[in-house]
Amino acid sequence: MLADLRVFEGRAIEAVECAENSFRLNPYPPGDYYSFLGWAQYAARRYQDSVETLRQPQAGGPGAKRNLSAALAQLGQTAEARKVGQNFLSEFPNFSARQWGKTQPFRDDADRQHFIEGYTKAGLPK
C-alpha cells in the first residue's frame with residue numbers, strides 16, 4: 001500500500017523500492033503485490049519491467065490489465081496493448097481514462113496525465 005501512496009505523491013522510484021521490499025518480506029506474496037509493483041514500475045517509466053510484472057499469473061485486479069495495456073502501448077506494442085485493453089473493457093465497459101483520472105489523488109497532474117496517455121495509447125476510451 002505504501003507503494004501505491006508513493007505513486008500518488010510523485011515518488012515513483014521510492015514506490016518501486018517499497019513494492020520490491022514487500023516481496024522480500026513475504027516470500028508468498030498475494031496478487032496485489034504484483035499489481036502494486038507493476039503500477040509503480042509504470043509510474044517510474046520502467047515499462048518493460050511493468051509488462052513483465054503484470055504478465056505474472058498472480059497479478060490481479062482491474063488495475064493489472066489496465067496498466068499492462070498502458071505499458072505495452074508505451075513500448076510501441078500497440079496491437080497487444082489494444083488486445084489487453086479490450087479484455088479490460090470487456091469487464092469494465094464504462095471505463096473512461098479522463099473520468100478515471102478525475103478520481104485519482106495524484107499530487108502532480110503530470111503524473112496523472114502519464115497514466116491517461118498510456119491508457120489512450122492502448123485504445124481505452126478517453
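**The core and the helices around it**

The largest nonpolar core in this predicted model has 37 residues. Those with the most contacts inside this core are Val7, Trp39, Phe95, Trp100, Phe106, Phe115 and Tyr119. At least two core residues come from each of helix H1 (2-9), helix H2 (12-25), helix H3 (31-43), helix H4 (47-54), helix H5 (62-74), helix H6 (78-91), helix H7 (97-102) and helix H8 (109-121). In soluble globular proteins, nonpolar side chains tend to be buried together.

Val7 gives a local view of the packing. Setting aside neighbours within four places in sequence, Val7 is in contact with Ala15, Trp39, Ala40, Ala43, Phe106 and Phe115. Trp39, Phe106 and Phe115 are, like Val7, among the residues with the most contacts inside the core.

The protein as a whole contains eight helices and zero strands, and its pattern along the sequence is α-α-α-α-α-α-α-α. Its radius of gyration is 13 Å, close to the 14 Å given by the globule rule for 126 residues, so the protein is as compact as a globular protein of that length. The C-alpha trace spans about 35 × 30 × 25 Å along the principal axes. Of contacts between residues at least 6 apart in sequence, 57% join residues at least 24 apart.

Burial and surface come next. Buried residues account for 47% of the 126 residues. The accessible surface is about 6700 Å², and carbon and sulfur atoms contribute 51% of this area. As for charge, there are 16 positive and 14 negative side chains, with the centres of the two sets 6 Å apart.

Terms used:
Residues numbered from 1 in each chain as written. Predicted model: local features only at pLDDT ≥ 70, side-chain atom pairs only at ≥ 80, totals over all residues. Heavy atoms only, no water. Helix = DSSP H or I, 4+ residues; strand = E, 2+ residues; numbered from the N terminus. Rg over C-alpha atoms; globule rule 2.2 N^0.38 Å. Buried < 20%, exposed > 50% of the residue type's maximum accessible area, 1.4 Å probe, protein only. Contact = heavy atoms within 4.5 Å. Areas by Shrake-Rupley, 256 points an atom, 1.4 Å probe, with all protein chains shown as cover. Lys, Arg positive; Asp, Glu negative; His and termini not counted. Charge placed at Lys NZ, Arg CZ, Asp CG, Glu CD. Core = buried A, V, L, I, M, F, W, Y, C linked by side-chain atoms within 4.5 Å.
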